[in-house]
Amino acid sequence: MNWYHRKLNLQYDPSIFNDIIDYAKVTEWKDGYDQNGLEWNVQELSISIEQFPILDEIYQGLNAEFKRPSFFLSSVKPGGLVNHIDHRKWGNFGIPLLGDFSNSPQYYYDQFNHPVEQFIMDCPTIFNTRMLHAVPRKREDTAPRWILMMDVFDWVDNLFKKVDNNKIWTNTENFKYE
């Protein structure tokens, strides 16, 4: 049983994200920071529905209850992200865009720092960010590793129930759920 994530069997043509990838290649990314102003080993690039209408299709397709979609690209730097909890949101909906994710799974840990779950971001995935989690990445792995993220401002268990009951997605022009 997966307690902290759910993978979605979304069918789509990856080329629908080419404009976002092209934009990301020529735009300056920002270093990630925590709520105390400490720099994290990640870079992020905010993007909006106004810039890329395909994002609205993702938001409309995902049957979520919250009303303020927030999108960004995430790139974990070589060396990875240490154990942490995200404090400003409940979770993320991530779609891998560019890179090899097989050597950098996401891990979840209990309060004693024992691993309890892991997954590889190899398809669209909803995951809990209020549980202790980390993303290790080898220092020599310097190739791009970009994920399109939508912040989830709803208790992720509500979305997990929808996944488990096949009510998570409303098919749209570019995305079909199987």
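A polar contact, a term used in several of these views, is a pair of N or O atoms within 3.5 Å; within protein, one must be able to donate a hydrogen and the other to accept it, and residues adjacent in sequence count only if both atoms are side-chain atoms. Welcome to a predicted model, in which local features need pLDDT of at least 70, side-chain atom pairs count only at pLDDT 80 or more, and totals for chains, interfaces and linings use all residues. Residues are numbered from 1 along each chain as its sequence is written, and side-chain values use heavy atoms, with hydrogens and water left out.

**View 1. K89 sits in the loop between β6 (81-84) and β7.** Helices (H or I, at least four residues) and strands (E, at least two) are DSSP runs, numbered from the N terminus. K89 has 7% relative accessibility and so counts as buried; buried means under 20% relative accessible area, exposed over 50%, and partly exposed in between (1.4 Å probe, protein chains only). The side chain of K89 makes a polar contact of 3.1 Å with that of N92, and another of 2.9 Å with the side chain of D151. Leaving aside neighbours within four places in sequence, K89 is in contact (heavy atoms within 4.5 Å) with F72, T129, R130, D151, V152 and F153.

**View 2. H5 belongs to strand β1.** At 3% relative accessibility, H5 is another residue that counts as buried. A polar contact of 2.6 Å links the side chains of H5 and E117. Not counting residues up to four places away in sequence, H5 also touches Q118, F119, T125, I126, F127 and F160.

**View 3. Helix α3 (residues 156-164) has buried residues V156, L159, F160, K162 and V163.** They cover an arc of only 160° around the axis, which puts them on the same side of α3; the arc is that of the directions from the helix axis to the C-beta atoms. Packed against these residues are β1 (5-7), β7 (91-98), β10 (125-128), β12 (146-152) and β13 (176-177). After α3 comes N166, whose phi is positive, near 55°.

**View 4. Strand β5 is largely enclosed by the rest of the structure, because six of its six residues are buried.** On one side of β5 lie F71, L73 and S75, and on the other F72, S74 and V76. Two strands pair if DSSP finds at least two bridges between them. β4 and β5 run antiparallel and are joined by six bridges, with L45 opposite L73. β5 and β12 also run antiparallel, through five bridges, and here S75 faces W146.

**View 5. I58, F93 and L148 have the most contacts inside the largest nonpolar core, which has 36 residues.** A nonpolar core is a set of buried Ala, Val, Leu, Ile, Met, Phe, Trp, Tyr and Cys residues joined through side-chain atoms within 4.5 Å. At least two residues of this core come from each of α1 (18-26), β4 (39-47), α2 (54-61), β5 (71-76), β7, β12 and α3. Apart from it lies another core, of eight residues, including F101, Y108, F119 and I147.

**View 6. Four strands form an open sheet with antiparallel pairing, in the order β6-β11-β8-β9.** β6 and β9 (115-119) stand at the edges with a single partner strand each, so one side of each is left without a neighbour in the sheet. Two bridges join β8 (residues 106-109) to β11 (residues 133-135), where Y107 stands opposite A134.
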